[in-house]
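Thanks for making the time this morning.

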Amino acid sequence: MLIRAAADPALPRGRVGESGVREIIWGVNSVDALEILVARVSADREVRRDADGTAHFLTDLGIPMGLRLFAKTPVISAPDPLNAPGHVRRLNQHRKWRLRARPKVIGHVVFAIPDVETDAAFMRERLGFRLSDSQRGVGQYLRADGSNNHHNLLLLNGQAAFHHANFGVEDLDEIMVGANYMTRQGWEPSQLGLGRHRVDSGLFYYLPCPAGGEVEYGADADYVDDSWVPRDWIEPLFGFSCFVHNLPGFLADPPPWRFAYLTDARVPTVGNAD
């Protein structure tokens, strides 16, 4: 991740505001795959290439993105075993004593855009992304080809803007140690506190980011492959959370359990629920 001053002329220009994440660079694992993707994208828009071969472009709705040859470094995690009544996995061993969170990955990035279907189709048809889930009235969860993350990109229905980026840590302990550390450094605490999404099972803790939007500590989200059957979350609030520490007003009443499996190629719109 590169952080630049807001006035830096090197910052990409798009239609998603002047703060927060201004460009996403997607890693590609071979030269042949990179050139195939660049050819698909450049069929109807300008693509700028850097000296190192990185290709920069705008999506249909103006999100700045890039493609770059990239060899991913293996991620090594060692979360503490969990104990439960009658199920002892950690005997004569205490849990880690952490000082702060040390994120290992950028799990996903989220943008709001006024026409989710347009850019979701661009990501699927041009860049080979897969639909993991669709949340009525909210957006679509997309994962990159070759990724097992439930989603690498969430497109939200709304005015064009960066929303948040997810930083993956090992477990719940690291989330909350990190949250306490950030509060002690003067960051505003999360309004929702600790929670767990239902749509991807991930634990979350959101913090406001001085560079714009929010940052999210995340852990224990779902990992999927191409045998995964996407779901249509007919009641979007049911997909939003299993629990939230600081229960907001919009979850004062438990949402109805309404969802369906998308067993064909149909992708529902993100308009109002039926």
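Let me begin with the largest nonpolar core, which has 45 residues, and in which Leu67, Phe111, Met123, Leu127 and Leu153 touch the most other members. By a nonpolar core I mean a set of buried Ala, Val, Leu, Ile, Met, Phe, Trp, Tyr and Cys residues joined through side-chain atoms within 4.5 Å, where buried stands for under 20% relative accessible area, exposed for over 50%, and partly exposed for what is in between, with a 1.4 Å probe and protein chains only. The largest share of this core, 5 residues, is contributed by helix 2, residues 116-127; helices (H or I, at least four residues) and strands (E, at least two) are DSSP runs, numbered from the N terminus. Apart from this core lies another, of 8 residues, with Ala112, Leu154, Trp233 and Phe238 among them.

Before going on, a word on provenance: this is a predicted model, in which local features need pLDDT of at least 70 and side-chain atom pairs count only at pLDDT 80 or more, while totals for chains, interfaces and linings use all residues. Residues are numbered from 1 along each chain as its sequence is written, and side-chain values use heavy atoms, with hydrogens and water left out.

What does Phe111 touch, once its neighbours within four places in sequence are left aside? Taking contact as heavy atoms within 4.5 Å, its partners include Val16, Val21, Ile24 and Ile63, as well as Leu153, Leu154, Leu155 and Leu156. Phe111 also stands opposite Leu155 in strand 8, and strand 5 and strand 8 pair in the parallel sense over 5 bridges, two strands being counted as paired if DSSP finds at least two bridges between them.

Strand 7 and strand 8 pair in the antiparallel sense over 4 bridges, with Leu153 as the bridge partner of Leu142. Strand 6 is mostly covered as well, with 5 of its 6 residues buried, and 5 bridges join it to strand 7 in an antiparallel arrangement. The hairpin of strand 6 and strand 7 has 3 residues between the strands, and there Gly137 takes a positive phi near 75°. Strand 6 also pairs with strand 13 (residues 231-233), in the parallel sense and over 3 bridges, and Gln135 has Trp233 as its bridge partner.

Further along, strand 11 (residues 203-208) and strand 12 (residues 214-219) run antiparallel and are joined by 6 bridges. Against these two strands pack the buried residues of helix 3, namely Glu174, Ile175, Gly178, Ala179 and Met182. Seen down the helix axis, these residues fall within an arc of 135°, so they line one face of helix 3, the arc being that of the directions from the helix axis to the C-beta atoms.

The C-alpha atoms of Asp200 and His151 are separated by 8.2 Å, although the two residues are 49 apart along the chain.

Finally, there is an open sheet of 4 strands in the order 1-4-3-2, again with mixed pairing. Strand 1 (24-28) and strand 2 (48-49) stand at the edges with a single partner strand each, so one side of each is left without a neighbour in the sheet. Strand 1 runs parallel to strand 4 (residues 64-69), joined by 5 bridges.
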